[in-house]
Amino acid sequence: MYRLAFITILAVIVEIMLLVGCGGPAPVTPETYAQNTYVVAEIPGELTITGDELYRLVYGSPVVPLGGPVSDSIVQDILDSVLIDTLAGLSANNFDITPYWATYRTFKDQRRDLILQAFWEEEVYSKVSADTSEVTQFFNDSAHLFSVEEQVQMYHILCSPLGFLAGPDSAHYKGMSEDERWAAAREYAYNLYQMLKTGEAFENVAYEYSHDAMAQRNSGYVGWTKRGVYFDPFDSIAFSLEPGTFSEPYRDRDGYHLIMSTGRMAEGVVPIDSPGVFQSAAQTLLTVK
């Protein structure tokens, strides 16, 4: 097992001074670092760090500010971290994990998966290619793979009689009849509708006021939606909206809804120049090959 005692540190303080320019020899700079090939630290037979390598480690570290000299302690910490990580890796490599059955099985499976992935990448995927004309021809010959149903991209706000019972004024609404809560939901929905008409962003109103917890977390975003997913009259309203417009409140069995359309996709084959379609066709073709 490797121990810290096996590390040989060669003139570290002097080298750090060279790196940071704290007196003595001229500081190492982007123009001169490649000249410093002396050994700074070493784990015999395993790791050797030279002056120029240490400079690159320091220069590329996220803890080092841009511009100006670097303190001795920062350089020493970076050097120590590399040495300790290396020693930890060497110790782990020599540790017998087989008595720990569950952990051994996990790492064995991970190792197998990495080997298989490397094999496929080297022996199969890297040897399969497709040019633009092949992808286009494949797309034209396999239109059914790239066809979609009519869809709208939408945002949603729910104003529900039940939503009031879980809100901060639940005690007030629990004293109401069901009809009164439905009337309150309608009034609430139309108040939100007026906010939208005065220019409030639909996403902000959904986040602050919607009774749909999931849509609220996503600022009302529902995504691409096909016909027949939601209760009537959703389809007739959603598919009549122009992208960028929102509906008046409408009622179904869950409450009052406001929806906004941000996009519409007609039924049929998605054009190959639509976002992501060419890449999808190329990947499908490579998979087939």
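1. A contact, in this note, means heavy atoms within 4.5 Å. By that criterion, and not counting residues up to four places away in sequence, Ser160 touches Ala185, His211, Asp254 and Gly255.

2. The structure is a predicted model, in which local features need pLDDT of at least 70 and side-chain atom pairs count only at pLDDT 80 or more, while totals for chains, interfaces and linings use all residues. Residues are numbered from 1 along each chain as its sequence is written, and side-chain values use heavy atoms, with hydrogens and water left out.

3. The protein has eleven helices and nine strands; these are DSSP runs numbered from the N terminus (helices: H or I, at least four residues; strands: E, at least two). Of its 289 residues, 31% count as buried, where buried means under 20% relative accessible area, exposed over 50%, and partly exposed in between (1.4 Å probe, protein chains only).

4. Ser160 is found in the loop between E5 and helix H6 (170-174). Is Ser160 buried or exposed? Ser160 counts as buried because its relative accessible area is 7%. Its side chain reaches the backbone oxygen of Asp254 at 3.4 Å.

5. A nonpolar core is a set of buried Ala, Val, Leu, Ile, Met, Phe, Trp, Tyr and Cys residues joined through side-chain atoms within 4.5 Å. The largest such core holds 18 residues, of which Ile157, Cys159, Leu196, Phe202, Tyr256 and Leu258 touch the most other members. At least two residues of this core come from each of strand E5 (151-159), helix H7 (178-197), helix H8 (202-209) and strand E8 (255-265). H7 gives the largest share, seven residues.

6. A second, separate core of 15 residues includes Leu47, Val58, Val70 and Leu79.

7. A pocket is an open set of points on a 1 Å grid over the protein atoms alone, where a 1.4 Å probe fits, with protein on both sides within 12 Å along at least five of seven lines; lining residues have an atom within 4 Å of a point. The second largest pocket is lined by 17 residues, and His156, Asp212, Val222, Tyr230 and His257 lie nearest its centre. Which element supplies the largest share of the lining of the second largest pocket? That share, three residues, comes from E5.

Conventions:
A polar contact is a pair of N or O atoms within 3.5 Å; within protein, one must be able to donate a hydrogen and the other to accept it, and residues adjacent in sequence count only if both atoms are side-chain atoms.
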